[in-house]
Amino acid sequence: MHAFAEALSDPALRGAYLAFSLVLLILPLVLIWLWYRQRAKAGTVDRPMLLRVGLLTLLWMVANAATLGFLMWAETVTKTGG
């Protein structure tokens, strides 16, 4: 575990790890939204379901961005001492 924490001290590797984690969180919802969109175009899914899936995807992306932003802000505050 110490080796993993030490590896994440490198800013480039930490950025790549955060990007991968963000994609891992968001990609499944985006794929579900795209699937429902294709089904809606074919007329096999009702429009309210498509809107719910799209809204859920958007809210999940906003929540992840806010959490990541908060964590970056908290790291900056702790590094500067207050």
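Buried means under 20% relative accessible area. Keep that cut-off in mind for the close-ups below, which are drawn from a predicted model.

**View A. Asparagine 64, a buried residue of helix 3.** Asparagine 64 sits in helix 3. Its relative accessible area is 11%, so asparagine 64 counts as buried. Which residues does asparagine 64 touch, once those up to four places away in sequence are set aside? They are Leu22, Leu25 and Ile26. These three belong to helix 2, and they are listed among the residues that meet helix 3.

**View B. Threonine 57, another buried position in helix 3.** Here we are again in helix 3, which spans residues 47-80 and holds threonine 57. With a relative accessibility of 5%, threonine 57 is classed as buried. Not counting residues up to four places away in sequence, its contacts are Leu29, Val30 and Trp33.

**View C. Helix 2 and helix 3, packed together.** Take a step back to see how the two helices sit against each other. Two packed helices are described by the angle between their axes and the distance between the axes. For helix 2 and helix 3, the angle is about 170 degrees and the axes are 8 Å apart. Angles over 145 degrees count as roughly antiparallel, and helix 2 and helix 3 are therefore roughly antiparallel to each other. On the helix 2 side, the residues that meet helix 3 include Arg14, Leu18, Tyr36, Arg37 and Ala40. Their counterparts in helix 3 include Met49, Val53, Gly54, Trp60, Leu68 and Glu75.

**View D. A nonpolar patch on the surface.** Now look at Val23, Leu27, Leu31 and Leu34, which form a nonpolar surface patch. Together, these four residues have about 340 Å² of accessible area. Leucine 34, one of the patch members, lies in helix 2, which covers residues 11-42. Is leucine 34 buried or partly exposed? Its relative accessibility is 35%, so leucine 34 counts as partly exposed.

**View E. Leucine 13, a partly exposed residue of helix 2.** Leucine 13 is also placed in helix 2. At 41% relative accessibility, leucine 13 is classed as partly exposed. Leaving aside neighbours within four places in sequence, leucine 13 is in contact with Ala7 and Leu8.

View F. Our last stop is alanine 63, in helix 3. Alanine 63 has a relative accessible area of 37%, so it is partly exposed.

Note on methods:
Residues numbered from 1 in each chain as written. Predicted model: local features only at pLDDT ≥ 70, side-chain atom pairs only at ≥ 80, totals over all residues. Heavy atoms only, no water. Helix = DSSP H or I, 4+ residues; strand = E, 2+ residues; numbered from the N terminus. Buried < 20%, exposed > 50% of the residue type's maximum accessible area, 1.4 Å probe, protein only. Contact = heavy atoms within 4.5 Å. Patch = residues over 30% accessible without salt bridge, like charges linked within 9 Å, V, L, I, M, F, W, Y side chains within 5 Å. Areas by Shrake-Rupley, 256 points an atom, 1.4 Å probe, with all protein chains shown as cover. Salt bridge = Lys/Arg side-chain N within 4 Å of Asp/Glu carboxyl O. Axes fitted to C-alpha atoms, helices over the stretch in contact; angles between N-to-C directions. Parallel < 35°, antiparallel > 145°, perpendicular 65-115°, else oblique.
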